[in-house]
Amino acid sequence: MSLLFRNARVIDPANEIDGRMDVLVEGDKIVEIGPAIPESRIKLSSPATDSKDSFLPGGGIIDCAGKILVPGLFDLHCHLREPGFEYKETIESGSRAGAAGGFTSLVCMANTFPVNDCRAVTEYILRQARERACTHVFPVGAVTKGLKGESLAEMAELKDAGAVAFSDDGKPVMNTSLFRRALEYARGIGMAIISHCEDLNLTGQGVMNEGFVSTTLGLRGIPNAAEEIMVLRDIALAELTGASLHVAHVSTAGSVRAVREAKRRGIKVTAETAPHYFSLTDEAVLGFDPNTKMNPPLRKAEDVLAVIEGLKDGTLDAIATDHAPQSAVEKDVEFDYAANGIIGLETALPLTLKLVHDGHLTLMEAIAKLTVHPARILGLEKGKLKVGADADITLIDLEREYTVEVGQFKSRSRNSPFQGWKLKGAAVMTVVSGKVVFRAA
Amino acid sequence: MAENQGRGTPREVSQKPPQRWAGKDILGIQEISVAEIELILDTAASFKEVSTREIKKVPTLRGKTVINLFYEASTRTRTSFEIAAKRLSADTINISASSSSVVKGETLIDTAKNLEAMKPDCIVIRHSAAGAPHLLARLMDVPVINAGDGAHEHPTQALLDLFTVREKIGRLASLKVAIVGDILHSRVARSNIWGFIKMGAEVHVAGPRTMKPAEVERMGVHWHTSLSEVIPIADVIMMLRIQLERQEGGFFPTLREYSRLFGLNMEVMMAAKPGVLIMHPGPMNRGVEISPEVADGPFSVILDQVTNGVAVRMALLYLLVGGEKESERSSL
């Protein structure tokens, strides 16, 4: 079928487009982008009366007046939990959560069970995605077998099977020599490594950011240095090896500084942060809510400001969700015993738009960090509007105001610290390969 | 906030409650007000006499059930709560982690719900995880008393310490209180810091730099890395227990060296003010953080702390469980 998006304000950072335009989709591809595409074009290509999509009154013509049309959002970092932890999330439920949040592509981490460290698991994830997901799914392969940090996974075969990058996310590769080899090897096969930067010895038994809040709560602290030491180590290794290093979930001012300096010196490093690191401080932990526990932990106000500054000046290329579903079994326990992680697919866009509403980022910059930048880090032709490319499109209503209600989430999990937040701006329609996979009520 | 109308020591506690308690739980000193602390201390003063009677029992909480839920070993605090409850005629149940379904892997929430289903009137909880009492308090309608949660708070200890100092010196305002030792891991230190500062005292904390909690000054204390800086100025010296496990964590090289730097012995005491109070929340490592001569010496109020612990816990149980049932009680 065909879809004609009319009267949208189209923002496509890859092509530096910001203007009123129409977009015509035929089948799964974008066939035309331009001002005032006549309705006859849609009628010629496929009769709207044949449309099986009951979502869409108006025969495939979607009036986008007052809405922003952007390339489908690309999440560089999420945990879909399948295989192994289907009670937390499945590829299907995660993709529905993603679609509801405006995402059309999800890059899922390798810490499943079994770990995605071999062809069979990668192929399983891709098959589940093909059969059940409503978004594109791009698996990340493990750097080391079983995420144990002891020996390299078969990276070339993982790449063959469809892995788009390598990461032991959730854990660092503590052995510096092994991580050096991983970077060299990945460079040899033209792939990036996504690093979870954490010195486990320095983290110790820590469960939250180290500072005044941890002091008053009597919770063991994790200093900023636990992250920064590894960011600096990995930058040094990226320089040594010439490999492409991507730093995951940057949370501290020192990490932002280190990445900024590395970029200035021409080292091939990119970095992401997650919405909670620019939306919350460690004061959110007061009250011991396990939904404020994640790794890296929520930091201090000055770190939040530095992360925002890093987004503004381009040090932080991308905003990724680090969507980490956990069930009540992992979260309805004492803070010390609670698992790390919060879900983010259904709140990332409005929290990012808050940076726009608050004047920190332009809309173009914000959208770039959710589309073309993360896709480019992995070398994928996603996150842009292009004639002939997959019709991945997200429609955003910048003014839509609502209250976050975790009970309404499409995710199987509910572990969000943003319950009850009043947010402004949301995806109102998500289109993946020409199919409407989400439409706001 | 509760106003403090009940100052002094009413003779007949069972007939003249000093004041009512507004909150449901006692989770920490950080959250409670000066007036509330005074109410607790005054109520405790009125209860202290009960423990000196021939028959150490009042009917105040007759028919009430107090559960001591202890996920961490404790002799002093658990016994103190049990005696306090029994002297108020409440029925007490002790559950310790080793004997309950905890070993079978039941969650704290499930344990709480099951206990609540048996209709107790108060839960006293000790837990190694900070915030565990708060989780319980959120879930349960019955009052929850924090008997120590991780390194967070130990409010009843701080209250009995405040009570003891007020009793011995007659006031809390403008005293200089030194807390010495493993501040980082100490819930007693945190509760006492909040408590003494609220009551107008000046709090000095001292210990190895490795055991200084991040930004502890923002709690309003003065930090020292040397015992000799605090001894001459202190009206009250509170020594904290040092745990051998911390040595493995690299917090100090050896107990010997710790003791040499932060142990309180007669030699160090030579610099102390006359009439200084020596306190310790127990259990003591004699010869490590405190020498036997000091622990048993004339300035030590360590056993008074234990005695007062019963009175303070009676006061809390009374205020939380019995305080608002005034009409019922008077009809007995």
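The legends below describe close-up views of a predicted model. Local features need pLDDT of at least 70, side-chain atom pairs count only at pLDDT 80 or more, and totals for chains, interfaces and linings use all residues. Residues are numbered from 1 along each chain as its sequence is written, chains are lettered from A in the order in which they are written, and side-chain values use heavy atoms, with hydrogens and water left out.

**View 1. The contact between chain A and chain B.** Chain A contributes 17 residues and chain B 22 residues, where contact means heavy atoms within 4.5 Å. About 1600 Å² is buried between the two chains, 59% of it on carbon and sulfur atoms. A:Phe212, A:Thr215 and A:Glu334 lose the most area on the chain A side, together 38% of what that side buries. Buried area is the accessible area (1.4 Å probe) lost by two parts on being put together, summed over both.

**View 2. The salt bridge between A:Lys300 and B:Glu215.** The two side chains meet at 2.7 Å, N to O. One salt bridge is counted between chain A and chain B; the term requires a side-chain nitrogen of Lys or Arg within 4 Å of a carboxyl oxygen of Asp or Glu. The side of chain A that touches chain B has seven nonpolar, five polar and five charged residues. In this division Ala, Val, Leu, Ile, Met, Phe, Trp, Tyr, Cys and Pro are nonpolar, Asp, Glu, Lys and Arg are charged, and the others, Gly among them, are polar.

**View 3. Aromatic pairs in chain A and chain B.** Five aromatic pairs are found over all chains. A:Phe418 and A:Trp421 are edge-to-face, 4.8 Å centre to centre with 85° between the planes. B:Phe252 and B:Tyr258 have centres 5.4 Å apart and planes at 45°, so this pair is tilted. Rings of Phe, Tyr and Trp (its six-membered ring) pair if their centres lie within 6.5 Å; planes under 30 degrees apart are stacked, over 60 edge-to-face, the rest tilted. Ring pairs link B:Phe252, B:Tyr258 and B:Phe262 into a cluster.

**View 4. Lysine charges over aromatic rings.** A:Lys293 lies over the face of A:Phe335, 5.6 Å from the ring centre. In chain B, the charged end of B:Lys212 sits over the ring of B:Trp223, at 5.9 Å from its centre. The criterion is NZ of Lys or CZ of Arg within 6 Å of the ring centre and within 35 degrees of the ring normal.
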